[in-house]
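This report goes through selected local features of one protein model. It covers backbone geometry, aromatic rings and charged side chains in turn.

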Amino acid sequence: MMTLDTEVLVIGGGPAGAACALALSRLRRSVILCEEVSFPRDHIGICLSPGLFKQLEFLGVPHVLEHPAHRHGLTFERRWGAIDSALAPSEVLVADRGRFDSDMLATVASSSARVLQPARVAKVTRFAGGCVANVATAAGMRQVRAAFVVDARGRSSGHRARRRLGAPTVAVHGTWRGEVRPTVLMSSNGSSWVWAAPTGTRRSLAVVFTSPDALHRLKGSLEKRYLRLLEEADILERGLELVSPPHACDATPYLTEGGETGLLRIGDADAALDPLSSSGVQAAVQSALCAGPVINTLLTPSADHSAANDYWSSRRIARSETHKSWAAERYAEAFCFHGTEFWKDRAAAASAARPSPVSPTLLPFPDQLLMLSDQVTFVEAPCLVDDLVVRERCLFHPNLDEPIAFVDGLALRPMIKAFAGKTTAAQVVTLWSSFYTPEKAVELLRWFWRHQIAVAC
Ligand SMILES: Cc1cc2nc3c(=O)[nH]c(=O)nc-3n(C[C@H](O)[C@H](O)[C@H](O)COP(=O)(O)OP(=O)(O)OC[C@H]3O[C@@H](n4cnc5c(N)ncnc54)[C@H](O)[C@@H]3O)c2cc1C
């Protein structure tokens with residue numbers, strides 16, 4: 001059997017696997033990515049959150065969202081019981097996921113990383129210092145020998161030890177034909193919520209999220225139950241026609257438990273978010289961007305491996321917890337209106353949500369004397385410096401998610417010296433303007449003030 005050698009084997013070519021392979025090849029690591037199926041392939045996660053633009057810019061591939069198959073500038077309406085809301089069209093993107101995932105993988109193939117596709121990783125045998133994977137390709141079986149494995153197989157990764165992060169949820173989705181408004185619609189009901197989005201000329205997708213019990217209690221075929229839930233939501237325009245029978249899939253959020261040396265799980269293989277936020281793709285890419293320097297550190301013999309492992313653990317838990325509280329708050333809004341068990345279960349985490357930092361005013365007055373809040377503490381914590389994870393002296397405050405050593409990529413340590421004596425806001429800006437631009441200095445002061453890290457004397 002032909003054997004291929006690499007430093008990192010990435011299994012799965014969805015957004016997480018592709019972004020991780022790109023991030024690692026930028027760090028000059030050799031990578032082989034195996035994707036089981038030929039692209040384009042359909043995927044249900046089509047409403048993409050705006051944070052993805054920045055991530056793709058960071059990876060140097062912003063053009064993948066420019067394809068005309070993606071629909072920018074749609075309006076968004078959320079009918080959420082008592083609270084209806086809308087988003088600016090600039091914040092809504094309905095992607096052709098087949099196109100998006102294909103184009104992401106094409107950027108990997110044109111980097112220094114190697115892509116095998118279709119290539120199913122059938123078995124991975126681990127040993128001290130690496131692994132050997134058996135890979136079924138169109139040209140026959142191959143062996144890939146790697147020092148590190150990244151599992152980016154999505155929900156199908158088959159890892160059993162998963163901790164549920166929310167109530168069991170099932171999604172039923174179908175494609176519709178007919179004229180629709182250029183609007184993404186979202187609506188809540190007694191025991192379900194629904195979103196519908198235009199996906200092309202005279203085509204749209206409508207997805208119902210409910211509990212497995214509620215779906216079970218409805219009578220008839222899956223199609224009948226799907227139509228019934230959509231009817232309750234009153235979200236579809238008249239005259240639409242269902243193109244093919246609907247499908248059901250699991251949409252329960254979870255976090256994978258337990259780590260293994262020489263292997264990281266990223267994207268949905270590691271953690272799946274509540275689908276309410278439509279930010280699964282952004283979170284999958286986020287985990288890939290975090291995994292890049294973590295793996296780079298673990299593959300550098302002289303680097304601090306325990307810092308890398310701690311950094312990875314804290315980031316993935318923080319990401320999941322933040323999102324869980326956010327989703328629970330939205331569910332609590334709907335619970336106030338519908339008052340049913342469906343929403344009560346989902347809103348349960350809302351009471352534990354940390355209040356967001358209070359911002360008294362946007363900026364202090366120029367002559368305001370400032371000092372560091374007495375709630376600020378300094379701790380040794382792992383953080384990212386250049387391409388490696390290291391332990392640094394970090395600042396912590398209850399208004400922050402985690403200890404930090406940098407704000408917006410800038411080291412905090414020199415900034416903090418400004419609060420050593422009695423300094424006015426204007427003096428802080430003048431001092432910081434000697435290292436950064438005056439605009440940046442004002443922006444940084446706004447951040448210190450908004451998080452109440454700098455407070456009035
Ligand atoms: C009902 C539902 C609705 C959603 N809606 C949205 C939404 O609107 N917006 C959003 O941002 N997110 C949404 N999501 C979530 C989003 O789709 C996922 O978070 C995202 O696709 C995760 O990316 P990934 O790369 O981790 O996994 P995936 O995109 O699932 O990719 C995994 C890849 O691994 C490959 N693979 C699997 N096994 C092997 C193997 N053995 N060998 C080689 N390759 C393998 C698969 O073929 C696949 O291409 C939704 C999820 C659900 C369940």
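Helices (H or I, at least four residues) and strands (E, at least two) are DSSP runs, numbered from the N terminus. With that numbering, arginine 28 lies in the loop between helix H1 (15-26) and strand E2. The model is a predicted one.

**Backbone**

Most residues other than glycine have a negative phi, and most peptide bonds are trans. Arginine 28 has a phi near 65°, a positive value in a residue that is not glycine. The relative accessibility of arginine 28 is 67%, so the residue counts as exposed, the threshold for that class being over 50%. Aspartate 386 also has a positive phi, about 55°, without being a glycine. Its place is the loop between strand E23 (377-385) and strand E24 (388-396). Aspartate 386 is classed as exposed because its relative accessibility is 69%.

The bond joining phenylalanine 39 and proline 40 is cis, with omega about 0°. Proline 40 sits in the loop between strand E2 (31-34) and strand E3 (47-48). Glutamine 117 and proline 118 are likewise joined by a cis peptide bond, with omega about -5°. The loop that holds proline 118 runs between strand E8 (114-116) and strand E9 (119-127).

**Aromatic rings**

How many aromatic pairs does a search of the whole structure find? The search returns 11 aromatic pairs. Among them is the pair of tryptophan 193 and phenylalanine 209, which is stacked, with 4.1 Å centre to centre and 15° between the planes. This pair links distant parts of the chain, 16 residues apart: tryptophan 193 belongs to strand E15 (residues 192-200) and phenylalanine 209 to strand E16 (residues 203-210). Both tryptophan 193 and phenylalanine 209 are buried.

Why is the pair of tryptophan 432 and phenylalanine 448 tilted? The ring centres of tryptophan 432 and phenylalanine 448 are 5.2 Å apart and the planes stand at 45°, so the pair counts as tilted; stacked would need planes under 30 degrees apart, and edge-to-face over 60. Tryptophan 432 is in helix H10 (residues 425-433) and phenylalanine 448 in helix H11 (residues 438-450), so placed that the pair links distant parts of the chain, 16 residues apart. Tryptophan 432 has a relative accessible area of 0% and is therefore buried. Phenylalanine 448 counts as buried because its relative accessibility is 0%.

One aromatic cluster is formed by Trp80, Trp193, Phe209, Tyr331, Phe342 and Trp343. The cluster thus includes Trp193 and Phe209, the two residues of the stacked pair.

**Charged side chains**

| Arginine | Ring under it | Distance to ring centre |
|---|---|---|
| Arginine 330 | Tryptophan 326 | 4.8 Å |
| Arginine 346 | Phenylalanine 342 | 3.8 Å |

Phenylalanine 342, the ring under arginine 346, is one of the members of the aromatic cluster.

Lysine 440 is located in helix H11, the helix that also holds phenylalanine 448. Which residues does lysine 440 touch, not counting residues up to four places away in sequence? With those sequence neighbours left out, lysine 440 touches Asp408 and Leu410. The side chains of lysine 440 and aspartate 408 are joined by a polar contact of 2.7 Å.

Terms used
Residues numbered from 1 in each chain as written. Predicted model: local features only at pLDDT ≥ 70, side-chain atom pairs only at ≥ 80, totals over all residues. Heavy atoms only, no water. Phe/Tyr/Trp six-rings, centres within 6.5 Å; stacked < 30°, edge-to-face > 60°. Buried < 20%, exposed > 50% of the residue type's maximum accessible area, 1.4 Å probe, protein only. Lys NZ or Arg CZ within 6 Å of the ring centre and 35° of its normal. Polar contact = N/O pair within 3.5 Å; in protein donor to acceptor, adjacent residues only side chain to side chain. Contact = heavy atoms within 4.5 Å.
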